[in-house]
Amino acid sequence: MKKQRKREEILEQYTWDLTTIFKSDDEFLEELESARKEIKKVEDFRGKITLSASNLLSYLQFSDALERKLYKLFYYANLKFDSDTTDAESQKLKGKVDNLLKEESELSSFVNPELFSIPFAQVEKYMNENEELKSYHHTLESFYRTFPHKLNETEEKILSSLGNVLSTPEETYECLTDSDMKFGTIEDEEGKEVELTESNYTNYIRSSDRMVRKKAFTRLFETYATFKNTIAKTFAGNVDYLTSMAKIRKFPSSLEASLFYDKIDPTVYDNLIETVHKHLPILYKYYDVKKRILKVDELHLYDIYVDLVEETDKEYSFEEAKNTVLEALQVLGDDYINTFKRAFEERWIDVYNNVGKRGGAYSSGFYDTNPFILLNYEGKLRDVSTLAHEGGHSMHTYLSCKNNPYHDSHYKIFVAEVASTVNELLLLKHLYKKEKEDKQKLAILNEMMELFKSTIYRQVMFAEFEKEVHALKEQGEVLTNELLSKEYYRLNKKYFGDNVVVDELIAYEWERIPHFYYNFYVYKYAIGLSSACYIVNNILNGKEGALESYLNFLKSGGSDYPTEELKLAGVDILNSEVIESAIKMFDEAIDEFEALYKKVYA
């Protein structure tokens, strides 16, 4: 096992350059004090914002300028902290920014009620009077869409004061599952007793040793079963909060309340589930292939995560990963590639793991910084894929910010996974086409199949569960552990089909899915991958205008509602063909994998 390096042992060229935000901590602290004084000026607007077009414009411009100051401070402190979470100075900087953001939120709490004191018709009149104000049309329209669901000022203050209380179910769940729950021990592949945790469960459930993965599966879910009543209470508490808030704000359901802010029609959600239902036989086919290759009499749920091919020894240096990704994305044009090259040349990327560094990977940054990418690069195929994925996010951020005024530059989470997944798919298709070694080609196909299985089918199963239990609550049902587990087990039976043994313990898996506390979030993953598949197919098949349309989508930022922005890329998410494009790509990967596997191992 490699020894973790200290931060100072990482070569500078593989660390991100935060001096492009602030040259030093001293400069950061100076700006922090400047921002502290600036936020107090919001009081100058109290009672005046809606009196005239010029007053409204002045407030919006002030708000943008202040927000940009705060974001620069936020990103510098958080990126520095994530570089080494053990560094005391970084902890202090992050704490100072967190306190400042809280102070700003409290000082500006009068703004929304004041804006709501006039109807949108009056705001439209102001925009007709003032050309500069017109550029805020989408921002203001989005805000005033919520008018029918607002409460009076006193009621809003009461709800705001209850914020910490209302988030208790999620926080209690996190404390229980992250800290307090212990899963005991299992024997690993060498017969050694090892502690099982949520973090290492992934390794054991993918073990080539069937007994190891069975023990891991059994031990994990037996533990969750012992907490079934406690977690059912936190889950039900969260559903109760969301359904109650939907009712208070005059929404027909918690689902519609969640979709409202992105202006997503509920038929999008329903169409996604219905389309996946029609194509469940493709998923069944995948599991039949898995059963044959693993040579098991029965395919159990503890067998489904094991890779169909052993991980190859092939490793990619970071330089090789960079060149491979840039080569794969050439199809997106010279301007895209030349901008992406800057990520490497100007040190937008923090590449390697070090002591205290945050795990995982992400892309960050905003209007007044370049994007930043955090990696924990280890040289495997999945790490090359992660570089392409996070690079897609960063290019989306860059193009959004360079082609819009600040207030229209923030794209919604709903469309965020499209750009990243387009890059990931282009990379995998490029690698597969270029690769000459059959075993490595099998590894690439395996990666693609896992992507589709987990992002389309699994997330849609989660989405269906979430929709159904919220509906049951709204119909007056009590969400007991028995009801939740029964419903979850029924869905597993539907999604895995008759040829997979759906082990009874899977009934408790709903307990370990933190996304169920994120308010109808998971369906966005499936929509993102489906949209990306549709876009990639159009680009690679040379459809006229497909590339230009996609780039226009990346440049649209937050200037329109997500469904309208996707239409710029030629994607109508109400069209089942979009979702079916991903399922078709999954089906083709299964067939290619099976044919190649027979050739290699006949």
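This passage describes side-chain contacts and accessibility in a predicted model. Residues are numbered from 1 along each chain as its sequence is written. Local features need pLDDT of at least 70 and side-chain atom pairs count only at pLDDT 80 or more, while totals for chains, interfaces and linings use all residues; side-chain values use heavy atoms, with hydrogens and water left out.

A total of 54 aromatic pairs was found in the structure. Rings of Phe, Tyr and Trp (its six-membered ring) pair if their centres lie within 6.5 Å; planes under 30 degrees apart count as stacked, over 60 as edge-to-face and the rest as tilted. The pair Phe-235 and Phe-465 is tilted, because the ring centres are 6.1 Å apart and the planes stand at 45°. Phe-235 belongs to helix H13 (residues 228-248) and Phe-465 to helix H21 (residues 438-474), so this pair ties together parts that are 230 residues apart in sequence. Helices (H or I, at least four residues) and strands (E, at least two) are DSSP runs, numbered from the N terminus. Both Phe-235 and Phe-465 are buried, where buried means under 20% relative accessible area, exposed over 50%, and partly exposed in between (1.4 Å probe, protein chains only). These two residues are part of one aromatic cluster, together with Tyr-173, Phe-462, Tyr-488, Trp-510, Phe-516 and Tyr-517.

Charged groups also sit over aromatic rings (NZ of Lys or CZ of Arg within 6 Å of the ring centre and within 35 degrees of the ring normal). Arg-145 is placed over the face of Phe-260, 4.0 Å from the ring centre. The charged end of Lys-441 is over the ring of Tyr-432, at 4.6 Å from its centre.

Side chains of opposite charge can pair when their charged atoms come close. A salt bridge is a side-chain nitrogen of Lys or Arg within 4 Å of a carboxyl oxygen of Asp or Glu, and the count by this rule is 42. One of them joins Lys-94 and Asp-98, with an N to O distance of 3.3 Å. These residues are 4 residues apart in helix H3 (residues 88-107), a separation of about one helical turn. Lys-94 is partly exposed at 22% relative accessibility, and Asp-98 is partly exposed at 32%.

Another salt bridge links Glu-187 to Lys-215, whose closest N and O atoms are 3.7 Å apart. Glu-187 is in strand E1 (residues 185-187) and Lys-215 in helix H12 (residues 210-226), so the pair ties together parts that are 28 residues apart in sequence. Glu-187 is partly exposed, at 40% relative accessibility, as is Lys-215, at 33%.

Within helix H21, Glu-450 and Lys-453 are 3 residues apart, or about one helical turn. Their side chains form a salt bridge with an N to O distance of 3.2 Å. Glu-450 counts as buried at 17% relative accessibility, and Lys-453 is buried at 3%. A network of salt bridges links Glu-33, Arg-36, Lys-40 and Glu-103.
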